[in-house]
Amino acid sequence: MNETIGVTEKGLRSRRSRELGVFMVLLILWFVAAAFLLLWGDQVYSFSTVLRALFGEEVKGASYAVNTIRVPRVLVGTLAGFSFGAAGNVFQKMLRNSLASPDVMGITSGASAAAVFAMMVLGLSGMVVSMLALLGGILAASVILLISRTRTFSVNKMILTGIGVQAMLQAVINFIILKTSDYNISDALRWLSGSLNGVRMYDLSLFGVIVVVCVLIILFLGREIQILGLGEELPVTLGMNTKRSRTLLLYCAVILCAGTTAVTGPLSSVAFMSGPIASRLIKTGGAGTIHAGMVGAVIVLVSEAIGQFAFSARYPVGVVTGIIGAPYLIYLLTKMNSKG
Amino acid sequence: MKAKKTVLFISVSVLVLLVALPLSFAVGSRNIPLSDLIGAVRGEEINSLYFPILQKRIVRTVLGLIAGCALGTAGALMQSITRNPIADPSILGVNTGASFFVVAGIAFFNIHTSVQYIWFALAGSALTALLVFGIASFVPGKGSMSYNNANPIRLALSGAAVSTACSSLISTVMLPRTNVMQVFRFWQTGSIGSGTWESIRMVLPFLIAGFALSVWLIPSLNVLALGDDIAMGLGVKVVRTRALGAAAGVLLCGATTAVAGPIGFVGLMIPHLVRMFCGNDLKTLIPLSALDGAVLLLLSDVLGRLIGRPGELEVGIVTAFLGAPVFIMIIRKARVGR
């Protein structure tokens with residue numbers, strides 16, 4: 001008996017230390033990417049100049065570039081990556097399927113469609129657009145959940161339903177883009193693929209609160225995610241109110257996704273890439289919310305750096321993540337095939 | 001019993017088509033009164049105001065009929081060769097593939113005539129269909145590809161993945177070039193409003209080849225439906241039949257996409273509808289899918305013109321709205337695993 005406990009304890013210790021190690025590595029990667037995005041740009045500033053500007057000293061030129069443009073971009077990028085990563089991970093863990101992520105299932109396109117509609121048709125801007133996008137995402141998720149509620153719950157059917165709903169929403173988006181005037185279209189397209197260009201400090205207010213609250217709830221329910229991942233029957237046997245926990249968690253993840261989409265656009269593939277990558281890094285037992293979120297943040301910041309500086313033209317970050325994500329999705333699919 | 005149902009179904013289809021045709025001539029941002037239409041048929045002089053409108057609407061209607069036939073047939077073909085209830089050009093990502101090739105062609109190879117568009121769109125749809133189906137049926141390790149592996153969920157997800165990849169690539173090509181963006185909008189949403197006689201003439205050979213091939217394949221496809229082993233025993237060349245069927249399907253929907261842009265879900269819905277009334281025999285399924293594909297496309301177009309006044313709602317958007325719920329219904333019934 002004692003031996004068993006000893007082995008378990010040893011396993012737990014090695015797992016904890018691995019988790020810590022991965023976390024530190026991710027933190028360093030994030031720091032490097034963030035520092036790069038702060039220093040680099042049309043004007044390259046020295047480390048000390050950026051630091052001085054950050055601490056409120058008036059440095060000619062640098063203060064504006066760093067505080068008004070670069071810092072919000074890094075902060076919003078980090079939060080967006082984190083929230084997509086965390087939300088995707090909740091979906092994937094709970095539904096036990098790495099393809100069941102909010103961007104594959106059309107929840108982000110619900111938010112996108114609502115936002116494009118609000119901007120292009122109703123001519124709104126600012127906070128109202130974000131609120132409508134949030135509502136759009138929640139609505140899309142509710143419709144998908146409602147439709148796929150059959151007697152026997154099937155994740156595959158839910159994913160396929162999501163793809164169907166997405167096709168419809170995409171038609172709405174395409175229609176609005178088709179009808180909008182020519183000089184708006186560049187904006188709309190850029191925004192649809194997801195971009196950090198033009199984010200400002202005030203974008204952070206509501207968005208930041210949403211992310212913090214939802215992530216806290218998800219972290220608080222971390223154990224329940226793991227239990228829900230055990231299957232359909234076992235959690236009930238363990239005395240859990242599966243329906244309530246599942247609904248609460250799903251809606252937290254949906255709100256995270258939709259709220260983020262409202263600020264940055266969909267940032268394709270971040271949500272579904274982060275969880276599996278984090279799990280791969282940790283190896284045993286899969287990754288928790290924090291690790292998945294950190295991976296998401298690193299992906300977004302690195303992609304932003306690639307999109308900004310790697311090519312002669314500047315690409316919004318969503319295009320870069322989309323191009324990284326598609327081969328990964330295909331890889332996941334072929335792997336899923338081999339399992340049968 | 002079945003024969004009676006089939007006859008009834010055909011009569012209703014033809015009846016609806018006969019209603020849809022004059023509607024398609026008459027309805028639009030400017031309606032043409034029925035009396036003038038009848039006059040025009042009789043060969044009387046009609047109001048000179050209506051003449052150019054009518055001319056455009058005739059082209060549009062003809063294109064709608066052709067495109068609907070092609071999409072319906074392509075859907076029936078694809079569903080039968082893949083044995084997959086959700087096989088459809090839009091699900092297989094063929095449309096985004098065609099769009100990507102055309103956009104890339106415009107940006108990098110300076111293509112600008114409709115013939116060139118057609119070739120690029122055809123190549124794009126063929127390659128994408130192959131890629132998506134390949135991914136869905138590829139099993140690493142085994143070293144073999146078998147279409148049996150491609151169940152609905154894999155097929156749909158592979159299509160979605162390839163579509164995502166293509167749309168990201170499209171954005172990459174397009175964002176630095178505003179001139180391509182204009183053309184691209186057309187390639188995002190299917191519409192039969194901008195067709196011309198010239199473009200119809202251009203794709204007609206491809207479509208006729210596709211139809212001929214699919215009619216010729218009907219007997220072998222019917223045997224194939226019994227299962228590969230039985231089909232092989234009865235002397236059907238399984239691989240060849242499937243490859244030719246796929247080629248016909250790609251010809252049909254690739255050429256349609258080249259003139260009308262991506263019109264989704266017609267190929268998905270119609271064969272299911274026909275099967276519901278007339279059964280699985282491809283001898284009735286393929287011609288009736290063609291007929292009802294045309295009916296559906298024409299009606300959707302009229303509907304789009306009615307709803308979208310004073311402008312119009314592109315037919316691709318109408319079919320997506322009609323088709324997505326049907327897609328979800330099909331999924332609910334299909335066996336996709338847990």
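Which helices of chain B cover the buried residues of H11(B)? The predicted model gives an answer that draws on several parts of the chain. The cover includes helix H1 (2-26), helix H3 (50-82), helix H10 (238-260), helix H12 (282-307) and helix H13 (315-333) of chain B.

The setting is helical. Chain B has 13 helices and zero strands. Its pattern along the sequence is accordingly α-α-α-α-α-α-α-α-α-α-α-α-α. The chain comprises 338 residues, of which 52% count as buried. Contacts in chain B were also sorted by separation in sequence. Of those between residues at least 6 apart, 76% join residues at least 24 apart.

Helix H11 of chain B runs over residues 266-278. Its 13 residues, at 1.5 Å a residue, should span 18 Å. The buried residues of H11(B) begin with a run: Val266(B), Gly267(B), Leu268(B), Met269(B), Ile270(B) and Pro271(B) are among them. Val274(B) and Cys278(B) complete the set. Just after H11(B) comes Gly279(B), which takes a positive phi of about 85°.

A helix pair elsewhere in chain B was examined next. Two packed helices are described by the angle between their axes and the distance between the axes. Helix H5 (residues 114-137) of chain B packs against helix H8 (residues 197-224) of chain B at an angle of about 40°. Their axes are 10 Å apart. The crossing of H5(B) past H8(B) is right-handed. From H5(B), the contact involves Ser114(B), Val115(B) and Ile118(B). These meet Ser199(B), Met202(B) and Val203(B) in H8(B). By class, this contact of H5(B) with H8(B) has four nonpolar and two polar residues, and no charged ones.

In chain A, one position was followed in detail. Val270(A) lies in helix H12 (residues 270-282) of chain A. Is Val270(A) buried or exposed? It has 34 other C-beta atoms within 10 Å. The cut-off for burial is 20 or more, so Val270(A) is buried. Neighbours within four places in sequence were left aside when its contacts were listed. Val270(A) is then in contact with Gly81(A), Phe84(A), Gly85(A), Gly296(A), Ile299(A), Val300(A) and Thr321(A). Leu38(A) is 232 residues from Val270(A) along the chain. The C-alpha atoms of Val270(A) and Leu38(A) are separated by 22 Å.

Key: Residues are numbered from 1 along each chain as its sequence is written. Chains are lettered from A and ligands numbered from 1 in the order in which they are written. This is a predicted model: local features need pLDDT of at least 70, side-chain atom pairs count only at pLDDT 80 or more; totals for chains, interfaces and linings use all residues. Helices (H or I, at least four residues) and strands (E, at least two) are DSSP runs, numbered from the N terminus. A residue is buried if 20 or more other C-beta atoms lie within 10 Å of its own, exposed if 12 or fewer, and partly exposed in between; C-beta atoms are placed from the backbone. Two residues are in contact if their C-beta atoms, placed from the backbone, lie within 7 Å. The expected span of a helix is 1.5 Å times one less than its number of residues. Axes are lines fitted to C-alpha atoms, for helices over the stretch in contact, and angles run from 0 to 180 degrees between N-to-C directions. A crossing is left-handed if the near helix is turned anticlockwise from the far one by less than a right angle, and right-handed if clockwise. Ala, Val, Leu, Ile, Met, Phe, Trp, Tyr, Cys and Pro count as nonpolar, Asp, Glu, Lys and Arg as charged, and the others, Gly among them, as polar.
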